Number of protein chains: 2
Amino acid sequence: MRDVAIIGIGQTPVSEHWDASIRALALEAALKALQSANIDKVDAIYVGNMISGEVTGQEHLGALLADALALDGVEAMKIEAACASGSAALRVGMMAIASGMNDLVLVAGVEKMTDTHGQDTTAALAMAADAEYEVSQGVTFVTLNALLMRRYMYEYGWKRRDFANFVVNAHANGVHNPYAMFQRPISAELYANSPTIADPVGLFDASPICDGAAAVVLAPAEYARSLSPAPVLIKGSAVATMPIAVHSRHDPLALQAARVSGQRAYQMAGVGPEDLDFFELHDAFTIMSALSLEAAGFAERGQGVRLAIENEIGLEGRIPVATLGGLKSRGHPVGATGIYQVVEAVLQLRGLAGHNQVTNARLGMTQNIGGSGATIITHIFEAME
Amino acid sequence: MRDVAIIGIGQTPVSEHWDASIRALALEAALKALQSANIDKVDAIYVGNMISGEVTGQEHLGALLADALALDGVEAMKIEAACASGSAALRVGMMAIASGMNDLVLVAGVEKMTDTHGQDTTAALAMAADAEYEVSQGVTFVTLNALLMRRYMYEYGWKRRDFANFVVNAHANGVHNPYAMFQRPISAELYANSPTIADPVGLFDASPICDGAAAVVLAPAEYARSLSPAPVLIKGSAVATMPIAVHSRHDPLALQAARVSGQRAYQMAGVGPEDLDFFELHDAFTIMSALSLEAAGFAERGQGVRLAIENEIGLEGRIPVATLGGLKSRGHPVGATGIYQVVEAVLQLRGLAGHNQVTNARLGMTQNIGGSGATIITHIFEAME
């Protein structure tokens with residue numbers, strides 16, 4: 001197997017892009033990534049996207065992006081794993097190079113959630129849950145996360161205010177990210193007084209509906225340095241699943257697929273949680289931050305919140321998370337999120353994260369969650385010496 | 001790169017399955033494939049599907065099928081490339097093993113097109129075309145194919161009746177396939193007198209809307225024989241794209257992506273069209289059969305129809321196509337079709353195609369087309385000695 005490295009990155013601002021189609025967004029991020037890699041063509045394009053059909057009436061995004069890039073003949077397809085679609089596409093791109101089938105690969109993530117053509121976006125997102133056994137009962141992702149958060153508070157005795165620093169930290173970091181949707185701070189007081197959406201999930205516990213695209217260019221590590229002054233190695237990669245419906249899980253708060261995919265990624269990379277300089281986790285809802293930290297080995301069961309309370313998640317903390325705003329502040333254009341995380345990891349590992357730079361960042365992890373945890377994809381990245 | 005072989009196959013009948021959900025269909029095919037491979041678990045599942053979100057309100061089919069199979073922790077995702085989604089999933093499954101990331105892989109294709117939850121199926125299928133520049137003008141896949149067929153007849157002087165044997169052949173073969181949707185013959189006279197849908201496309205020029213699922217199990221070729229008495233090698237694999245909108249193509253009748261993906265697959269396999277014993281082509285519409293034969297090197301431009309007229313496409317002909325009914329008679333559950341083609345190729349290469357057996361079949365090709373040709377995926381298979 002050939003090792004694979006990232007040699008280019010691109011992203012659009014995350015926003016409500018009322019004036020840009022899904023094609024335009026994907027194209028902008030892809031062109032930036034190609035330009036940053038200093039190449040003008042690739043062998044294959046893998047596009048992470050969840051709900052383009054339901055929301056914009058467009059499937060077949062692989063061919064669409066290949067066409068927009070005028071790359072006639074290129075291999076292309078779309079990869080979907082709910083909100084983990086971006087990381088799933090990265091996984092396929094990595095395998096395409098590792099297998100020797102392709103050399104230069106573009107992986108893009110894109111989602112347009114505003115300006116809906118048909119489906120209501122909340123209903124489209126609910127297609128990540130079990131349509132027959134969950135959605136038919138009226139659940140949405142807000143209510144599923146509310147059930148999990150309530151159960152967590154009940155089991156371990158935490159109050160809602162104990163989660164505040166996940167949000168405060170994400171927004172403090174997003175202030176300095178020009179691509180973030182919300183570039184303003186939120187205080188613990190504002191968090192505490194925010195309106196409730198589905199008790200105990202408040203307005204600031206949920207990531208926003210938004211549009212955006214991000215892209216990376218991959219190449220075989222063996223000649224990545226000849227193409228890029230600062231390639232980043234994909235050192236670990238793993239996908240794991242668990243039952244799609246929350247009610248089917250023996251232990252809904254365990255986030256078992258995060259534990260499994262994390263362990264596989266650690267093993268492939270030959271590292272452990274103690275070696276990581278930062279962790280771009282999937283804070284689509286505040287409760288997910290706590291559960292992810294626990295499943296990845298940074299806290300005992302029920303104690304993930306403590307890392308927020310003690311600010312061990314800050315840029316100078318034990319395990320910085322959401323270093324450029326996370327899903328909460330940068331935004332969560334679902335199929336694009338996994339690639340935004342990777343772009344941000346590359347910025348950190350290249351020492352280009354500016355005000356948000358984690359000191360001496362050499363090794364970082366991203367984790368992208370599909371549905372309420374049914375698919376969890378973990379990648380570990382290392383700056384190449 | 002490790003070579004990859006098929007060690008198990010499974011399929012459901014293609015039909016209007018009003019009593020089976022998309023989960024139930026995928027599960028049936030997957031269980032049959034696992035049973036035929038004599039294994040009960042895999043490392044990864046790749047699901048080819050196009051319109052589950054729009055039609056059944058369910059995305060996240062990777063996790064859904066993993067869950068239905070009770071394979072906790074397994075890697076899983078959905079792959080989409082319009083009607084070529086099945087073959088795209090096969091491509092990813094092959095790369096997953098070739099890269100060394102996984103050993104045993106299940107690739108399933110599934111589509112449920114009846115019993116729609118939201119979108120009209122014809123509108124959902126149109127999402128394979130360009131939403132902004134084609135669909136907004138009112139085109140559907142029937143009308144796009146009608147434009148291509150009319151142009152072909154105009155350019156090369158053929159009459160509609162000249163296409164009849166593509167349909168007659170497909171149905172003659174489907175009669176003996178217990179999984180085919182239409183197990184009855186159609187005469188040239190019936191074809192000639194069939195009602196017009198979009199001139200010159202008649203009722204029997206178009207494949208049906210239907211439900212179905214098919215699956216294959218893949219393993220490294222190096223130990224495929226220890227797992228299966230009759231493994232089939234994936235000898236060639238290629239994906240190519242061309243502009244998504246028909247009006248953007250310099251030469252709409254050239255099917256350029258078929259030419260490119262065919263050449264790449266031939267090159268990888270080290271064979272040419274003259275070496276193939278059969279060709280499972282993508283006869284979603286009759287015109288596509290003619291264009292595919294030309295692009296794959298079996299006929300000169302404008303002369304693909306001649307192979308039908310001279311019955312060179314029959315089981316005893318120069319290049320048998322649709323040997324178990326093709327999309328026209330077996331049916332075209334879009335995201336599943338690419339895997340049905342592979343299952344049928346395996347049956348031929350194992351000598352298990354019964355009444356439809358191509359004599360001494362050793363090498364076969366499948367080709368799966370997304371949209372009006374924007375994505376075309378070619379695979380070449382060989383019986384392992």
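## Overall form of chain A

Helices and strands are here taken as DSSP runs, a helix having at least four residues and a strand at least two, and both are numbered from the N terminus. On that basis chain A of this predicted model has 14 helices and eleven strands. The radius of gyration of chain A is 19 Å, close to the 21 Å that the globule rule gives for 385 residues, so chain A is as compact as a globular protein of that length.

Taken along the principal axes, the box filled by the C-alpha atoms of chain A is roughly 55 × 45 × 40 Å.

## Two domains within chain A

The domain assignment divides chain A into domain 1, made of residues 4–120 + 210–227, and domain 2, made of residues 130–206 + 234–383. The C-alpha centres of domain 1 and domain 2 of chain A are 23 Å apart, and the contact between them involves 36 residues of domain 1 and 30 residues of domain 2.

On the side of domain 1 of chain A that touches domain 2, the elements giving two or more residues are β1 (4–11), α4 (85–98), β4 (105–111) and β7 (212–220) of chain A. Of these, α4(A) gives the most, with seven residues. Sorted by class, this side of domain 1 of chain A has 24 nonpolar, nine polar and three charged residues.

## Contact between chains A and B

Chain A and chain B each give 53 residues to the contact between them. On the side of chain B that touches chain A, two or more residues come from each of α2 (52–56), α3 (61–68), β3 (75–80), α4 (85–98) and β8 (232–241) of chain B. The largest share of that side is the six residues from β3(B), and by class the side of chain B that touches chain A has 29 nonpolar, 16 polar and eight charged residues.

## Strand pairing across the two chains

Strand β3 of chain A, residues 75–80, pairs with β3(B) in the antiparallel sense, over three bridges. Within this pairing, Lys78(A) has Glu80(B), a residue of β3(B), as its bridge partner.

Definitions and conventions
Residues are numbered from 1 along each chain as its sequence is written. Chains are lettered from A and ligands numbered from 1 in the order in which they are written. This is a predicted model: local features need pLDDT of at least 70, side-chain atom pairs count only at pLDDT 80 or more; totals for chains, interfaces and linings use all residues. Domain bounds come from an automatic or database domain assignment. Two residues are in contact if their C-beta atoms, placed from the backbone, lie within 7 Å. Ala, Val, Leu, Ile, Met, Phe, Trp, Tyr, Cys and Pro count as nonpolar, Asp, Glu, Lys and Arg as charged, and the others, Gly among them, as polar. Two strands pair if DSSP finds at least two bridges between them. The radius of gyration is taken over C-alpha atoms; the globule rule is 2.2 Å times the number of residues to the power 0.38.
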